[in-house]
Amino acid sequence: MLADNRRHYELLVEMARQHAEQGDVERVLRTAMAAANYAWLAPVGLLSDLRLERSVVHAVRGSGRVAVDGTRSGNRVLHVLTEAYSVGGHTRLAWRWMSRDERTSDVVLTNQLGPVPQELVASVRATGGDVFDLRTTPTGLLQRARALRAHMDRADVVVLHVHPYDSVALAAVNLPGVRPPVVYENHADAAFWLGVAAADLLCDWRPEAQSVDVRLRGVPEPRIAVLPMPVDELPSAEGGALRHQLGIAPDAVVAVTVSADWKMAASWGRGMHHLVDRILRWAPQVSVVLVGATPSADWSQLSRRYPGRVFPVGRVPDPSPYFDMADIYLDSYPTRAGTSVLEAALLGLPVVALADDTESELVRLHQGAAPGLAGVHPATTADQCAVAVRRLASDSERRRRDGEAVRAAVLAAHDGPGWRAELETIYARARALPAVDVDQLGDSSTDDEEYGVLLLSSTSPAEASPDPRSMVGPLADLFDSTMECDLLASLMRRLSPSLLVRAASSWADQPDSTTRLLALAAAHPQLTVSLPLAAHDDGAGTRSIAVLTTLLADLGQTPDDCGDIRLEPDATDGSRSVRWDLVMTDQELDRLEGVVCSPMWREDVAVVAGRHQERLGA
């Protein structure tokens with residue numbers, strides 16, 4: 001599946017390159033967005049792709065140059081998000097960052113598809129800034145990039161909290177001219193993302209990410225810094241009613257996990273349900289509540305094995321009541337949570353985590369702790385983790401003591417004067433660096449397919465590689481018919497150099513549509529048209545031959561010098577061609593014409609796809 005994902009991804013990369021050669025900057029940005037979204041959601045064995053980034057940067061920069069002005073002192077910071085959510089850590093991270101920065105903070109949203117969270121708006125306006133949504137007017141991606149760059153030009157520093165597919169931010173940073181320094185906040189450090197060439201300074205929130213940034217993303221080490229994730233105490237919420245509603249025993253000790261479902265899915269052989277099984281076996285007084293875990297066969301099996309003790313409750317808009325009912329916070333496994341474990345620590349909950357004893361830097365990245373949790377030594381086996389939970393469950397004083405210690409450690413690193421000093425250091429380093437230049441970066445690493453498989457096992461439950469056309473959601477209506485035809489041509493061209501179109505049996509009664517189809521066959525040698533015998537024809541095809549001869553004559557052709565036209569009861573040559581059963585409508589003919597006229601249906605495109613297929617061991 002990883003190889004199939006990679007082949008699909010390479011078709012999108014090649015589409016971006018084709019559009020770049022044609023000078024179509026808008027379509028470069030659209031295709032780059034589609035490619036990056038695909039690689040993010042359907043792992044392809046890459047964590048960055050500087051080929052794709054060069055296509056974007058060269059398209060928008062042209063022969064111009066980009067420079068950083070690190071001397072600006074207007075006391076204004078611009079935060080850029082692709083899309084903000086009321087649920088999820090990265091939006092909260094952004095507004096917490098702004099609340100700790102004494103400067104005025106503005107926010108630009110490059111691709112907001114839902115309502116803008118009012119908490120974000122309130123946080124921005126509390127600093128004296130404003131929120132700008134670039135999708136409120138129906139513009140293309142290039143226009144958004146130019147609008148974003150205009151907002152950048154009014155700031156001293158720019159901080160990107162963008163989604164992995166955000167080609168608008170990458171383009172805006174690389175438009176020619178002088179701009180402020182750019183800090184790229186690496187909240188998706190375990191996944192593919194687009195933007196290495198937008199990061200004057202890459203800001204990790206845990207040190208384990210640095211080696212991966214350098215080796216697999218191609219980020220120069222001097223352009224990497226670590227800033228602990230800012231975190232606030234959650235508002236108080238009464239969890240007693242919720243505890244009763246779930247049916248948890250009054251005397252149970254409750255361990256709560258708050259994380260994304262994919263972080264609890266089995267990755268390298270084990271998942272969260274394996275760990276919970278061991279804990280419930282070792283600690284009979286414990287019940288486990290898993291916020292974010294979708295009910296599944298694994299959880300149902302555990303529920304039957306431990307009745308009334310395991311509760312996967314899925315995603316919730318406000319996790320506060322679940323923290324309130326908790327006695328212990330159990331970090332997610334095999335991938336640790338980001339924000340929620342810090343929020344639990346600030347509430348004074350003791351934290352228990354499992355981190356595998358391994359030399360793999362990629363596994364360590366998934367299980368790396370935030371700086372404030374560095375003093376919490378995780379268990380390295382499920383049994384050790386279960387013993388740690390049992391000890392805490394049987395000793396309330398130990399829970400209080402461990403909870404106070406982790407709260408103090410997290411507060412020192414993630415809030416207060418210590419955090420603000422680290423923030424000023426980040427800004428100062430970004431100001432001192434020259435503009436990142438994609439031409440001075442190397443190539444993205446393609447050497448670690450093992451990590452691609454690891455990501456695939458945790459994030460992609462599908463049994464087959466997804467069709468790229470199903471992964472273009474962020475483009476919304478910008479995924480137009482031209483882009484659809486280009487992508488369809490890419491998919492077909494990879495399978496076969498020829499296209500067999502089997503016309504509907506009504507062709508003889510639709511002379512205008514059939515004439516158009518015959519003209520396409522004459523103009524495009526890769527196209528074979530198969531015509532069934534016309535309705536009410538005799539066995540010799542008398543009527544079909546007469547109609548076809550007349551239509552060809554109207555085109556100035558004869559059956560001897562036309563395109564590859566076949567009059568046959570059943571379509572042949574299907575083994576060598578991609579088959580298209582054509583409905584004889586103007587809309588379908590438009591689609592067919594778009595596909596065969598696409599620049600993606602060319603021999604050199606097929607060669608590129610074939611080369612990648614051979615390299616990936618197909």
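Proline 334 is found in the loop that runs between strand E13 (328-330) and helix H14 (339-346). In this predicted model, a cis peptide bond joins tyrosine 333 to proline 334, with omega at about 10°. Most residues other than glycine have a negative phi, and most peptide bonds are trans. The points below take up the backbone, the chain as a whole, and then individual helices and their contacts.

**Backbone in the loops**

- Asparagine 75 has a phi near 65°, which is a positive value in a residue other than glycine.
- The loop that holds asparagine 75 lies between strand E1 (66-68) and strand E2 (76-81).
- Alanine 476 is placed in the loop between helix H19 (449-459) and helix H20.
- With a relative accessible area of 34%, alanine 476 is partly exposed.

**The chain as a whole**

- The chain contains 24 helices and 18 strands.
- Of its 618 residues, 58% count as buried.
- The C-alpha trace spans about 95 × 65 × 40 Å along its principal axes.
- Among contacts in the chain with a separation of 6 or more, 78% are between residues 24 or more positions apart.

**Helix H1 against helix H20**

- Two packed helices are described by the angle between their axes and the distance between the axes.
- Helix H1 (residues 2-21) packs with helix H20 (residues 481-495) at an angle of about 125°, and their axes are 10 Å apart.
- That angle makes H1 oblique to H20.
- The crossing in which H1 passes H20 is right-handed.
- On the H1 side, the contact is made by Arg7, His8, Leu11, Leu12, Met15 and His19, which meet Met483, Asp486, Leu487, Ser490, Leu491 and Arg494 in H20.
- By class, the residues of this contact of H1 with H20 divide into six nonpolar, three polar and three charged.

**Helix H21 and its surroundings**

- Helix H21 has 13 residues and reaches 18 Å from its first C-alpha to its last, close to the 18 Å expected at 1.5 Å a residue.
- The axes of helix H21 (residues 511-523) and helix H22 (residues 542-554) come within 10 Å and cross at roughly 65°.
- The crossing of H21 and H22 is right-handed.
- Pro511, Thr514, Thr515 and Leu518 in H21 meet Leu548, Leu551 and Leu552 in H22.
- The residues of the contact of H21 with H22 comprise five nonpolar, two polar and no charged.
- The buried residues in H21 are Ser513, Thr514, Thr515, Leu517, Leu518, Leu520 and Ala521.
- An α-helix has 3.6 residues a turn, so residues three or four places apart point the same way.
- The elements that cover the buried residues of H21 include H22 and helix H23 (586-597), together with strand E15 (499-503), strand E16 (527-531), strand E17 (564-567) and strand E18 (578-582).

**Valine 276 and helix H11**

- Valine 276 lies in helix H11 (residues 272-282).
- Valine 276 is buried because its relative accessible area is 0%, and the buried class covers values under 20%.
- When its neighbours within four places in sequence are left aside, valine 276 is in contact with Val288, Leu290, Trp299, Leu302 and Val310.
- From C-alpha to C-alpha, valine 276 and valine 595 are 51 Å apart in space, and they are 319 residues apart in sequence.
- Helix H11 packs with helix H12 (residues 297-305) at an angle of about 10°, with their axes 10 Å apart.
- That angle makes H11 roughly parallel to H12.
- Met272, His273, Val276 and Asp277 in H11 meet Asp298, Trp299, Leu302 and Arg305 in H12.
- The contact of H11 with H12 has four nonpolar, one polar and three charged residues.

Definitions and conventions. Residues are numbered from 1 along each chain as its sequence is written. This is a predicted model: local features need pLDDT of at least 70, side-chain atom pairs count only at pLDDT 80 or more; totals for chains, interfaces and linings use all residues. Side-chain values use heavy atoms; hydrogens and water are left out. Axes are lines fitted to C-alpha atoms, for helices over the stretch in contact, and angles run from 0 to 180 degrees between N-to-C directions. Helices (H or I, at least four residues) and strands (E, at least two) are DSSP runs, numbered from the N terminus. A crossing is left-handed if the near helix is turned anticlockwise from the far one by less than a right angle, and right-handed if clockwise. Contact means heavy atoms within 4.5 Å. Ala, Val, Leu, Ile, Met, Phe, Trp, Tyr, Cys and Pro count as nonpolar, Asp, Glu, Lys and Arg as charged, and the others, Gly among them, as polar. Angles under 35 degrees count as roughly parallel, over 145 as roughly antiparallel, 65 to 115 as roughly perpendicular and the rest as oblique. Buried means under 20% relative accessible area, exposed over 50%, partly exposed in between (1.4 Å probe, protein chains only). The expected span of a helix is 1.5 Å times one less than its number of residues.
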